[in-house]
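Visitor: I have a chain open here and would like to talk it through. Could we take it piece by piece?

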Amino acid sequence: MKKTTAQIPPAAPSRNEFYDEKKWCEQCGTYVSFLMSVNHSYCVHCGGRVRLFSRNDSAHFQDHVQRHKWQAS
Ligand SMILES: [Zn+2]
């Protein structure tokens, strides 16, 4: 897992994930197209698990998801 400072991607993350069908890939460090499986989504480039939001965004999102912490891959 990359520990580098998260950069704000050129394309600002859209809150409308149904329209902007991309998710954040830690390995690629950008928003990527993804493959969906039952429980998780995976980057089409590196096969890593992707998330809805980047680390920057997730910081704001933590309060909502802290009950079921994200499993670090
Ligand atoms: Zn990737």
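Visitor: Is Arg49 buried or exposed?
Guide: In this predicted model, Arg49 is buried, because 20 other C-beta atoms lie within 10 Å. The cut-off for a buried residue is 20 or more.

Visitor: Where does Arg49 sit?
Guide: Arg49 belongs to the loop between S4 and S5. Its C-alpha is 9.8 Å from that of Met36, with 13 residues of sequence separating the two positions.

Visitor: Which other residue lies in that loop, and what does it touch?
Guide: Val44 lies in the loop between strand S4 (41–43) and strand S5 (50–51). Leaving aside residues up to four places away in sequence, Val44 touches Val32, Ser33, Phe34 and Leu35. Val44 and Phe34 are ten residues apart in sequence, and their C-alpha atoms are 5.1 Å apart.

Visitor: Why is Val44 partly exposed?
Guide: Val44 has 13 other C-beta atoms within 10 Å, so it is classed as partly exposed. A residue with 12 or fewer would be exposed.

Visitor: Let us step back. Which elements does the chain have, and in what order do they run?
Guide: The protein chain has one helix and five strands. From the N terminus, the order is β-β-β-β-β-α.

Visitor: How do the strands in the sheet pair?
Guide: Three strands make an open sheet in the order S2-S1-S5, with antiparallel pairing. Its edge strands are strand S2 (30–32) and S5, each of which pairs on one side only. Strand S1 (residues 23–25) is joined to S5 by two bridges. Across that pairing, Trp24 stands opposite Arg51 in S5.

Visitor: And which residues form the largest nonpolar core?
Guide: The largest nonpolar core has six residues: Trp24, Cys25, Tyr31, Phe34, Cys43 and Val50.

Visitor: What about Glu21: buried or exposed?
Guide: Glu21 counts as exposed, because it has 12 C-beta neighbours inside 10 Å. Glu21 is placed in the segment before S1. From C-alpha to C-alpha, Glu21 and Val32 are 8.5 Å apart, and they are eleven residues apart in sequence.

Visitor: How much of the chain is buried?
Guide: Buried residues account for 14% of the 73 residues in the protein chain. As for contacts between residues at least 6 apart in sequence, 36% join residues at least 24 apart.

Visitor: Lastly, what is the mean pLDDT, and which elements have the lowest and highest values?
Guide: The protein chain has a mean pLDDT of 73, and 47% of its residues reach 70 or more. Among the elements, helix H1 (residues 55–65) has the lowest mean pLDDT, 58, whereas S4 has the highest, 92.

Conventions. Residues numbered from 1 in each chain as written. Predicted model: local features only at pLDDT ≥ 70, side-chain atom pairs only at ≥ 80, totals over all residues. Helix = DSSP H or I, 4+ residues; strand = E, 2+ residues; numbered from the N terminus. Contact = placed C-beta atoms within 7 Å. Core = buried A, V, L, I, M, F, W, Y, C linked by C-beta atoms within 7 Å. Pairing = 2+ DSSP bridges. pLDDT = per-residue confidence, 0-100.
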